[in-house]
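Student: Could you show me how to read a pocket and the packing of helices in a structure?

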Amino acid sequence: MGEELVRSDNEPGRPLVVLDGVDKHFGSLHVLKDINLTVHAGEVVVVIGPSGSGKSTLCRVINRLETIDSGSITLDGQELPKEGRDLARLRADVGMVFQSFNLFAHKTILENITLGPTRVRKVDAKRARQEAMALLERVGVAAQAEKYPAQLSGGQQQRVAIARALAMNPKVMLFDEPTSALDPEMINEVLDVMTGLARDGMTMVVVTHEMGFARRAANRVVFMADGEIVEENAPEHFFTNPQSHRAQDFLSKILTN
Ligand SMILES: Nc1ncnc2c1ncn2[C@@H]1O[C@H](COP(=O)(O)OP(=O)(O)OP(=O)(O)O)[C@@H](O)[C@H]1O
Ligand SMILES: [Mg+2]
């Protein structure tokens with residue numbers, strides 16, 4: 001993959017996403033507890049932890065799909081906007097890929113990709129199409145450009161979803177269990193695209209149970225339990241020498257099966 005996937009203003013190493021003392025409740029449930037996390041430009045942070053530990057909520061507050069109760073979140077030095085145009089601009093800077101692909105069923109693959117750039121980024125239609133085709137080429141589904149989502153396999157649809165997020169030229173990409181709805185034989189084709197992105201210097205926050213990907217692509221693993229960041233470390237340290245009981249317990253369960 002080439003240069004243009006990574007924004008030229010993404011100077012490596014600069015703090016891009018900063019969560020400072022973030023708390024979030026759902027009613028009486030305290031789902032994010034004093035979260036402090038800095039993701040630097042070009043960094044790949046893998047978030048793991050048991051079900052219900054707050055991983056998806058963490059992704060969602062970064063995109064302001066959920067509000068926070070206290071603390072602050074900044075994207076590239078700016079506080080997350082509350083609403084309106086500024087919020088739309090923020091969302092365009094944060095690419096998000098979910099477990100379910102959420103493609104527009106009644107639009108072709110190509111139209112799915114060009115919609116955001118033409119509507120939100122005001123890119124002209126011809127250029128949007130050229131860039132979309134280049135992205136589809138990258139993720140290996142250019143031959144499917146004129147088809148509709150239902151005509152593609154799950155792995156192909158998820159690669160389209162990644163291309164769609166990239167088409168907005170985001171500063172950071174958030175992935176929330178992007179492979180957990182896929183049949184096993186399709187997981188690697190999606191992880192390979194993600195590994196390529198990581199290698200190209202994309203800033204990424206990835207919630208995943210794919211420990212091979214974490215070892216291969218992550219700069220840092222963040223382990224969450226009960227709404228807290230319990231432990232964070234480079235993958236080679238985290239996987240071979242987890243410090244906390246919670247992480248040891250979690251790893252013993254997922255690595256044996
Ligand atoms: N909109 C909501 N309203 C109420 N409770 C919620 C809401 N969204 C999440 N929760 C609760 O917040 C907690 C954290 O949920 P979250 O989805 O962030 O966990 P997770 O780590 O992503 O889990 P999983 O691995 O199962 O995806 C859970 O107890 C969940 O039931
Ligand atoms: Mg989740």
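This is a predicted model: local features need pLDDT of at least 70, side-chain atom pairs count only at pLDDT 80 or more; totals for chains, interfaces and linings use all residues.

Student: What volume does the largest pocket have?

Tutor: Its volume is about 560 Å³. Of the 23 residues lining the pocket, Arg91, Met96, Arg164, Ala165 and Met168 are the closest to its centre.

Student: Which helices and strand each supply at least two residues of that lining?

Tutor: Helix H2 (84-93), strand S6 (94-97), helix H3 (109-119) and helix H5 (154-166) do. Sorted by class, the lining holds 15 nonpolar, six polar and two charged residues.

Student: How do I read the way H3 and H5 pack, and at what angle?

Tutor: Start with the angle between the axes: here it is about 25°, and the axes lie 8 Å apart. Angles under 35 degrees count as roughly parallel, so H3 is roughly parallel to H5. The crossing of H3 past H5 is right-handed. On the H3 side, Ile109, Asn112 and Ile113 meet Val160, Ala163 and Arg164 of H5. This contact has four nonpolar, one polar and one charged residues.

Student: And at what angle do H3 and H4 pack?

Tutor: Helix H4 (residues 125-138) packs with H3 at about 125°, the axes being 9 Å apart. That angle makes H3 oblique to H4. This crossing, too, is right-handed.

Student: Which residues meet there, in H3 and in H4?

Tutor: From H3 come Ile109, Leu110, Ile113, Thr114, Pro117 and Thr118, and from H4 Ala125, Ala128, Arg129, Ala132, Met133 and Leu136. By class, that contact has nine nonpolar, two polar and one charged residues.

Key:
Residues are numbered from 1 along each chain as its sequence is written. Chains are lettered from A and ligands numbered from 1 in the order in which they are written. Side-chain values use heavy atoms; hydrogens and water are left out. On a 1 Å grid over the protein atoms alone, a cavity is a set of points where a 1.4 Å probe fits but cannot get out, and a pocket is an open set with protein on both sides within 12 Å along at least five of seven lines; lining residues have an atom within 4 Å of a point. Grid points are joined across faces, edges and corners, and a volume is the space filled by probe spheres set on the points. Helices (H or I, at least four residues) and strands (E, at least two) are DSSP runs, numbered from the N terminus. Ala, Val, Leu, Ile, Met, Phe, Trp, Tyr, Cys and Pro count as nonpolar, Asp, Glu, Lys and Arg as charged, and the others, Gly among them, as polar. Axes are lines fitted to C-alpha atoms, for helices over the stretch in contact, and angles run from 0 to 180 degrees between N-to-C directions. Angles under 35 degrees count as roughly parallel, over 145 as roughly antiparallel, 65 to 115 as roughly perpendicular and the rest as oblique. A crossing is left-handed if the near helix is turned anticlockwise from the far one by less than a right angle, and right-handed if clockwise. Contact means heavy atoms within 4.5 Å.
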